[in-house]
Amino acid sequence: MPSERRCWETLQALRSSDKGRLCYHRDWLLRGEDVLEGCVSTPQLSSYAGWVVDHVLPHTQENLSPSEMSASSRSTSGLDQPSLAPKSPIRSLAFSPASPGAPAAPDGTKGKHESQHTEPMLLQSSRGIKVEGCIRMYELVHRMRGTEGLRLWQEEQERKVRALSEMASEQLKRFDERKELKHHKEFQDLREMMEKSSREALGQQEKLRAEHRHRAKILNLKLWEAEQQRLKQEEQERLRREEGQARLRSLYALQEELLHLSQQLDSAGQHRDLQVALLALRSRGNQLCGLISGIIRTTSENGFPTAEDQAVAERALQEMRELLADARACEDKRRQEEEEAQVKRQESQLQQRPEVRKECPAPSPRPAGKRNEDLQVKVQDSTMQWYQQLQEASRQCVLAFEGLTSSKDSQVKKIKMDLQKAATIPVSQISTIAGSKLKEIFDKIHNLLSGKPVQSGGRSVSVTLNPQGLDFVQYKLAEKFVRQGEEEVASHHEAAFPIAVVASGIWELHPRVGDLILAHLHKNCPYSVPFYPAFREGMALEDYQRMLGYQVKDSKVEQQDNFLKRMSGMMRLYAAIIQLRWPYGTRQEVHPHGLNHGWRWLAQILNMEPLSDVTATLLFDFLEVCGNALMKQYQAQFWKMMLLIKEDYFPRIEAITSSGQMGSFIRLKQFLEKCLQRKEIPVPKGFLTSSFWRS
């Protein structure tokens with residue numbers, strides 16, 4: 001319809017107007033009193049209201065009838081209030097008596113003109129008041145509508161808030177109910193799961209109990225069988241031990257008889273003519289003694305001797321008896337020959353004149369460089385005498401401080417303990433850390449032996465505290481040096497050189513300490529003499545084993561490996577001492593126990609019958625430590641000695657070495673063959689160089 005179309009056009013025009021394009025914000029209504037304050041306040045006319053009244057209303061009043069004018073004036077006069085009358089800026093200028101634009105006139109003319117001009121202005125003012133009243137009425141109605149709408153909107157909002165609050169409360173209740181239901185359900189599931197697990201665990205436990213009972217039955221049966229087997233093995237072990245002990249006692253008896261026969265063999269044939277003939281028998285007798293000793297050492301390591309060992313020992317004893325019988329036969333034959341010679345000599349003396357004497361022919365000398373085929377068993381007389389002198393000096397030293405060691409006085413005991421610590425602790429601190437550290441240790445030992453006070457354990461110690469203090473310190477110091485070789489050098493071969501250089505320096509400044517070192521060394525390792533102690537009649541077997549260097553505790557002899565290890569450590573220490581000198585000492589004097597003693601030891605050990613496992617081990621240790629120094633000192637003579645060892649001495653060592661003791665022999669043989677091939681013996685590992693003394 002056309003009217004509808006015009007309505008839409010009107011709405012579209014209103015929307016496109018300035019008022020329609022205004023933006024209204026809903027949050028203005030939420031501001032509260034700030035927005036309502038503008039509606040409650042007294043309305044005010046615009047500053048252009050007077051201009052409207054002056055220019056617009058007069059034109060509209062010209063077209064009004066007198067009745068309308070009167071009505072308008074009445075309405076205007078009803079609304080005319082002093083407080084609501086607007087003051088137009090134009091009208092104020094027109095009515096101002098002081099206005100400069102007002103023309104001057106005479107009094108009568110002026111009053112008349114003013115009266116004529118005031119009347120339309122009053123009409124115009126009443127019209128403006130009417131418009132102003134309409135505006136105020138409109139604003140009042142608009143404010144009342146806005147207040148009512150705001151109230152309704154607030155009520156609506158409060159109703160919505162209450163509804164939302166109730167809905168949220170209901171939802172919270174539903175959430176709590178669902179949560180509680182979920183907790184109940186989870187608790188129920190957990191309880192069911194625990195009950196199920198408990199039932200399964202009980203079933204598994206019952207099953208395990210059944211398996212345990214079954215296994216217990218099997219184990220009890222096995223234990224019973226094992227117990228029966230153990231009892232059977234114990235019975236067999238007891239029988240084997242009894243048989244072994246019986247064989248061991250028999251073996252000891254055979255060894256004792258063999259040693260007794262060997263002593264008789266050594267004592268037989270003391271005549272000079274029979275010594276050469278019986279030397280081979282004695283050499284074989286010594287080999288048989290070494291064989292029995294090796295069997296006993298092997299059996300002490302393995303437990304008990306076997307029947308084969310006993311058979312070998314019996315054969316050796318039988319052979320020793322035959323050797324003794326041969327020696328006695330030779331002695332009887334020599335005695336018979338002497339008797340026949342004496343008879344012949346007496347007959348010849350009867351035939352010849354008494355003044356004629358028959359000269360005996362001198363023995364023919366041996367060619368130079370020819371070696372005797374039969375080796376010695378005993379040490380040379382001069383070496384044995386030197387050995388006995390050292391042991392006697394050691395005994396005299398012990399007697400010299402006997403009062404210090406046997407005293408019951410607590411003060412004397414304290415002095416003895418302090419002196420022993422001051423002597424032994426520095427030796428224990430010797431190491432290859434630095435030359436300066438080694439010099440400090442040497443100075444401390446030297447000062448102690450010189451009678452100067454030294455610090456030990458936080459106290460000052462001196463040998464002058466007791467008259468026997470110096471003897472005690474010298475003895476304990478020498479004993480400690482040898483013990484370091486027996487323990488420290490045996491475990492760490494490189495430790496031989498720092499210990500030896502300190503011992504050599506102390507030996508040079510204090511010769512008695514050096515003699516005591518040799519005495520302790522010869523007593524603990526008789527092979528360093530070299531000296532093979534002989535078994536004497538009536539000697540206990542344990543005492544003889546101690547003389548050989550073995551440690552015997554509670555009638556138990558130490559194992560062969562440990563014995564060789566200790567002998568090797570002491571031999572290495574001795575080989576290091578004879579070639580080293582203290583670098584800070586005087587070079588004018590000769591070494592107190594130099595390389596000539598090493599050459600003497602090597603020559604004497606090669607002139608003696610070798611011992612199984614011992615000779616090869618000590619020869620290797622000696623040559624590895626001291627071989628380079630001997631090579632530089634003796635040169636060609638040294639290499640002749642090495643060739644002699646290879647060609648002549650190796651077969652003798654191999655002949656007396658059993659298959660289980662070939663390790664030391666093979667090690668010595670390989671070392672010597674390598675040195676002969678290279679024509680050089682390497683510098684021993686751990687040798688102290690010049691850089692060590694600068695550290």
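The model is predicted, so local features need pLDDT of at least 70 and side-chain atom pairs count only at pLDDT 80 or more, while totals for chains, interfaces and linings use all residues. Residues are numbered from 1 along each chain as its sequence is written, and side-chain values use heavy atoms, with hydrogens and water left out.

Select residues 410-428 to begin, which make up helix H12 (helices are DSSP runs of H or I, at least four residues, numbered from the N terminus). Helix H12 has 19 residues and reaches 26 Å from its first C-alpha to its last, close to the 27 Å expected at 1.5 Å a residue, where the expected span is 1.5 Å times one less than the number of residues.

Next, pick out the buried residues of H12, among them Val412, Ile415, Leu419 and Val427 (buried means under 20% relative accessible area with a 1.4 Å probe, protein chains only). The buried residues of H12 pack against elements including helix H13 (435-449) and helix H14 (469-491), with contact meaning heavy atoms within 4.5 Å.

Now show Phe401 and Phe472, an edge-to-face aromatic pair with 5.4 Å centre to centre and 80° between the planes (ring centres of Phe, Tyr and the six-membered ring of Trp lie within 6.5 Å, and planes over 60 degrees apart count as edge-to-face). Phe401 lies in the loop between helix H10 (381-400) and H11 and Phe472 in helix H14, so the pair ties together parts that are 71 residues apart in sequence. Both Phe401 and Phe472 are buried.

Finally, select Arg667, whose charged end sits over the ring of Phe620, 5.1 Å from its centre, and then Lys679, whose charged end sits over the ring of Trp639, 5.7 Å from its centre (NZ of Lys or CZ of Arg is within 6 Å of the ring centre and within 35 degrees of the ring normal).

Note on methods
Helices (H or I, at least four residues) and strands (E, at least two) are DSSP runs, numbered from the N terminus. Buried means under 20% relative accessible area, exposed over 50%, partly exposed in between (1.4 Å probe, protein chains only). Rings of Phe, Tyr and Trp (its six-membered ring) pair if their centres lie within 6.5 Å; planes under 30 degrees apart count as stacked, over 60 as edge-to-face and the rest as tilted.
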